[in-house]
Amino acid sequence: MASIYTCNECGADLNLSTTHIFPPDFYFEAGNKKTLSFSAVDATRFRFEKEDKIRPFFETLDYWGIQRKRTKMICHGCGRVVGYVYDDGPPLTDSPGQFHFGPSQVIPRAPRYRLKIKALKIHRL
């Protein structure tokens, strides 16, 4: 079923395609609670700001640490943060990683565009 995703604040069309959405049961290290995750977005609809914080964070039992690197996704229309880009998407290689451990810090991964459901207005077609 096709949907149109707009910013909840200003109503700007975010041009998100349902063909790029990950299934709700797809596993991510950073979790997927109250969000929709996409494999690709229209970069012209967002402004991206890198965020690099050094302080403890806990997303899930498998995804925690001291330094958090992510990128804010900001709506071009109103400037509201609608989501974040994480590097915990599907692996870009079939390699088992350094020493065959395979954590996301070792195996290069595709970006995952994680948008907050409360920041979106979803129009079903």
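**Exercise 1. Contact range and fold pattern**

Determine what share of the contacts with a separation of 6 or more joins residues 24 or more positions apart. Then describe the secondary structure of the protein chain.

*Solution.* 
1. In this predicted model, residues 24 or more positions apart account for 57% of the contacts in the protein chain with a separation of 6 or more.
2. Count the elements: the protein chain has seven strands and zero helices.
3. Along the sequence, the pattern reads β-β-β-β-β-β-β.
4. Turn to burial: 37% of the 125 residues are buried.
5. Finish with the surface. The chain exposes about 7,900 Å², and 55% of that comes from carbon and sulfur atoms.

**Exercise 2. Phe-38 and its ring partner**

Is Phe-38 buried or exposed? Which residues does Phe-38 touch, and what geometry does its pair with Tyr-5 have?

*Solution.* 
1. Phe-38 has 0% relative accessibility, so it counts as buried.
2. Leave out residues up to four places away in sequence. Phe-38 then touches Tyr-5, Leu-16, Ser-17, His-20, Ile-21, Phe-22, Pro-111, Arg-112, Tyr-113 and Leu-115.
3. Now the rings: the count of aromatic pairs is three.
4. Tyr-5 and Phe-38 form an edge-to-face pair, at 5.6 Å centre to centre and 85° between the planes. An angle over 60 degrees counts as edge-to-face.
5. This pair links distant parts of the chain: Tyr-5 lies in strand S1 and Phe-38 in strand S2, 33 residues apart.
6. Tyr-5 is buried too, at 4% relative accessible area.

**Exercise 3. A charge over a ring**

Which residue lies over the face of Tyr-84?

*Solution.* 
1. The residue is Arg-70.
2. Its distance from the ring centre is 3.7 Å.

**Exercise 4. Positive phi**

Where are Asn-15 and Lys-34 placed, and what is the phi of each?

*Solution.* 
1. Recall the background: most residues other than glycine have a negative phi.
2. Asn-15 has a positive phi of about 55°. Lys-34 has a positive phi near 55°.
3. Asn-15 is in the loop between S1 and S2, and Lys-34 is also in the loop between S1 and S2.
4. Asn-15 is partly exposed at 39% relative accessibility, whereas Lys-34 is exposed at 67%.

Note on methods: Residues numbered from 1 in each chain as written. Predicted model: local features only at pLDDT ≥ 70, side-chain atom pairs only at ≥ 80, totals over all residues. Heavy atoms only, no water. Contact = heavy atoms within 4.5 Å. Phe/Tyr/Trp six-rings, centres within 6.5 Å; stacked < 30°, edge-to-face > 60°. Helix = DSSP H or I, 4+ residues; strand = E, 2+ residues; numbered from the N terminus. Buried < 20%, exposed > 50% of the residue type's maximum accessible area, 1.4 Å probe, protein only. Lys NZ or Arg CZ within 6 Å of the ring centre and 35° of its normal. Areas by Shrake-Rupley, 256 points an atom, 1.4 Å probe, with all protein chains shown as cover.
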